[in-house]
Amino acid sequence: MPKIKAARGYELRCKSWRQEGILRMLENNLENAEKPDELIIYGGSGKAARDWECFYAIVDALKNLEDDETLIVQSGKPVAIFKTWKNAPRVLIANANLVPQWSNWEVFHELERKGLIMYGQMTAGSWCYIGTQGIIQGTYETFAACARKHFKSNLKGKIVLTGGLGGMGGAQPLAIKMNQGICIAVECDRKRIERRIKAGFCDMVVEDIDEAIEIAEQAKEEGEPKSIAVVGNCADTHPYLVEKGFKPDVVTDQTSAHDELNGYVPAGYYGDNVEEAYELRRSDPKKYIELSMKSMKEHCKAMVKFQKRGSVVFDYGNNLRGQAKKAGFEEAFSYPGFVIAYVRPMLAIGRGPFRWIALTGNPEDIIKTDKKVLELFPEDDVLRNWITLAEKYLPWEGLPARVCWLGYGEREKFALEINRMVREGEIGPISISRDHLDSGSVASPFRETEGMKDGSDAIADWPLLNALLNCAAGADLVAIHNGGGVGIGLSTHAGMIVVCDGSKETDERIKRVFKADPGLGVIRHADAGYEEAIELIKKSDLKAPMLK
Ligand SMILES: NC(=O)c1ccc[n+]([C@@H]2O[C@H](COP(=O)([O-])OP(=O)(O)OC[C@H]3O[C@@H](n4cnc5c(N)ncnc54)[C@H](O)[C@@H]3O)[C@@H](O)[C@H]2O)c1
């Protein structure tokens, strides 16, 4: 298979930067992919295009797309091009959406086998994945909030036990280290570990969990931040550690538990025999799923036991609890999800993951914009700490990119400044995007919208309205997905991209999109009764007709 790399430099292959920027984002997804040959970007089986024929058809379509046309992509297949408006999106995407009654993995896999549908995860199918660093910021913020809440400072001298070093989970060792903590990450696939170590996200690997504990205890004594990967399977190691009487300070997990067939690896498979598990997936999916569900039950049971022993335990958005409950473990939901525990107050004020990508490939553009964001918001200490650590620790992956959490008002201000910098030649064109995990763009009752104040957890109107609003506001790409993070049928979410080409027209689009996108999130939280959101609306330009 060809190795896809994002184009660099100023030469356009498309009719303008808006299309070219989107094409480079798609290519950048592949450049950062976990399994590029299969077009799988991250998150178990999250893909960027349905198959290679579709991929090349998308590339062709983007190259020929006029400035007033819109490309329509249905589950990774470019199905139509329509004449729309200059300020309308250039690309509209819908991935993995099924009518609710049929919205489950069984139906999805059946349709996938027929070649009719594609799982887009969150940023994979909407072409705004930027490598593991995209999630590092969120992971850093989450562990920082966790440390503030439970230890009244950072993670210095604390051992965090976790699992999974894939596209998202691979961010954990570094994010924990950035918070001064010690990470033990159990991963069954040696190749994944090697990749994280090579990228500088993890310090070392050991073959034996006991050895990892020894090293971690030593680091704890010395208060030294450290990250240790262990070749193992969480469904084996965790029950063993419970049995042994070990008590980590924090336990979480990022194995691909949301997908019992193509994500999670059952107990007993790790290291040298992990390929046998992959083979079993193909040869006997029914047996595989049975083993996988049973293992997740044991894995989750161990986490609940750690919690009973006094460890801080939280679910990190992979639906391990939901799977364990499905497998018959009634106490699975004993520990909270990370959003309800740490992230919701930020989402309520429209604060979320704002990310930007240097489309010409010049890292200097990111360094200059890093400086700019700190200049614009000098009072934000979390931001300053993050940018400083990011510059020190994060390697560039694919096109140089940065992510930081910004709130309502801040996103518009910074995006306008970026576009001005492009216009005045200080930097090359930049595209701005965000995770689907954001203030108003997701309904996911086991994750982002777990335990909403008014019980509106499962209402998917909000992410759908978010996507419609981003179209009306003129984002360059808008996408609606089903099943990201937690699995088919369990979430609805929307993504978007705006390409900063430096034009005045883009200034106008920015003013609309970066008000509307986080603004609807604030309104969604105010509607659910969150005080922070209500207060923000009262003192801002947001209009909410029914708000008392
Ligand atoms: N918290 C968030 O914001 C967030 C965001 C995106 C995705 N997720 C969820 O987190 C999970 C991980 O995402 P990802 O992109 O890293 O997925 P991934 O598929 O790239 O990686 C998962 C890793 O887990 C390993 N693994 C599977 N079963 C295991 C087991 N039993 N023991 C040890 N290792 C095992 C796999 O080998 C793989 O390396 C997914 O369920 C995803 O939906 C969470």
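These notes cover the sheet, a helix pair, the ligand shell and a few single residues.

1. **Basis.** This is a predicted model; local features need pLDDT of at least 70, side-chain atom pairs count only at pLDDT 80 or more, and totals for chains, interfaces and linings use all residues. Residues are numbered from 1 along each chain as its sequence is written. Helices (H or I, at least four residues) and strands (E, at least two) are DSSP runs, numbered from the N terminus.

2. Six strands form an open sheet with parallel pairing, in the order 8-9-7-6-10-11. Strands pair if DSSP finds at least two bridges between them. Strand 8 (204-206) and strand 11 (312-313) are the edges, each pairing on one side only. Strand 6 (residues 159-163) pairs with strand 7 over 5 bridges, in the parallel sense. Leu-161 stands opposite Ile-184 of strand 7.

3. **Helix pair.** Helix 4 (residues 133-151) packs on helix 12 (residues 338-348) at an angle of about 100 degrees, with the axes 10 Å apart. Axes are lines fitted to C-alpha atoms, for helices over the stretch in contact; angles run from 0 to 180 degrees between N-to-C directions. Helix 4 is therefore roughly perpendicular to helix 12 (under 35 degrees counts as roughly parallel, over 145 as roughly antiparallel, 65 to 115 as roughly perpendicular, the rest as oblique). Helix 4 contributes Thr-142, Ala-145, Cys-146 and Lys-149 to the contact, and helix 12 contributes Phe-338, Tyr-342 and Val-343 (contact: C-beta atoms, placed from the backbone, within 7 Å). By class, this contact has 5 nonpolar, 1 polar and 1 charged residues. Ala, Val, Leu, Ile, Met, Phe, Trp, Tyr, Cys and Pro count as nonpolar, Asp, Glu, Lys and Arg as charged, and the others, Gly among them, as polar.

4. **Ligand shell.** Around the ligand are 35 residues; Gly-164, Gly-166, Met-168, Gly-317 and Asn-318 come nearest (near: C-beta atom, placed from the backbone, within 6 Å). The shell has 14 nonpolar, 17 polar and 4 charged residues. Helix 4, strand 7 (182-187) and helix 8 (234-244) each supply at least two of its residues.

5. **Arg-344.** This residue lies in helix 12. Arg-344 is buried, with 22 other C-beta atoms within 10 Å (buried: 20 or more; exposed: 12 or fewer; partly exposed: in between; C-beta atoms placed from the backbone). Met-452 is 108 residues away in sequence from Arg-344, but 9.2 Å away in space, C-alpha to C-alpha.

6. **Positive phi.** Gln-121 is not a glycine, yet its phi is positive, about 45 degrees. Gln-121 sits in the loop between helix 3 (105-113) and helix 4. Gln-121 is buried, with 30 C-beta neighbours inside 10 Å. Lys-152 has a positive phi near 60 degrees. Lys-152 lies in the loop between helix 4 and strand 6. Lys-152 is exposed, with 7 C-beta neighbours inside 10 Å.

Methods:
Two residues are in contact if their C-beta atoms, placed from the backbone, lie within 7 Å.
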